[in-house]
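Dear colleague,

I am handing over the structure below, and I would be grateful if you could look through it before reading my notes on what was found.

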Amino acid sequence: MDSLKGHFLVASPYLTDPNFIRTVVLMIHHSEEGAFGVVVNRIASSSIRELWEHITKRTCKLEQLVNIGGPVSGPLMAIHTHPDIAEIEILPGLYFSAQRDHLEKLVESEKQPLRLFIGHSGWGKGQLERELRQGAWFTLPASVEDVFGDESEMWHRLTTQVGRQILMSAVKLKGLPSDPTLN
């Protein structure tokens, strides 16, 4: 089994689970025992400042909105670019933290880029592999730029990228113009 850690799961247009319609999940862990990641293109209505001040009663200046990482509850989690306060390296230059002292350093020092998550996405043993075989998800290698890119158009941009790769592979093209309709 090849691990999907450091990859995106991009919801197929046919995925009907309301928790994952048009989502992009960044995979943080994937082994034969199960998998977990966070949805990077779902935003909550509260800011990091509001959430942090509510939870800790300490001030925070970050007005960035909190991400909804998925339907599974759990501790606050962060994706960031600071190796000194990381628990997991997801891919080169991209890190995961959930320990309170690491989150405090990220939030209080206003280190950017940062995505703070409530909830996460999880799969039991063999569950994700079944969903992949059923065509529920497309996979793509993630990049730091994509993780911190504009979440409002992320799903569309990545599904277009997947479609281009499928087309290039199917017809054995070496390249494809950005807009094939202009040919």
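Two strands are said to pair if DSSP finds at least two bridges between them, and strands (E, at least two residues) and helices (H or I, at least four) are DSSP runs numbered from the N terminus. Please bear in mind that this is a predicted model, in which local features need pLDDT of at least 70 and side-chain atom pairs count only at pLDDT 80 or more, while totals for chains, interfaces and linings use all residues. Residues are numbered from 1 along each chain as its sequence is written, and side-chain values use heavy atoms, with hydrogens and water left out.

The protein chain holds 5 helices and 11 strands, and 43% of its 183 residues count as buried, meaning under 20% relative accessible area with a 1.4 Å probe, protein chains only.

His-120 lies in the loop between strand 9 (114-118) and strand 10, and His-120 is buried, with a relative accessible area of 16%. Leaving aside residues up to four places away in sequence, the contacts of His-120 (heavy atoms within 4.5 Å) include Phe-36, Gly-37, Val-38, Pro-71 and Met-77.

With kind regards

Terms used
Buried means under 20% relative accessible area, exposed over 50%, partly exposed in between (1.4 Å probe, protein chains only).
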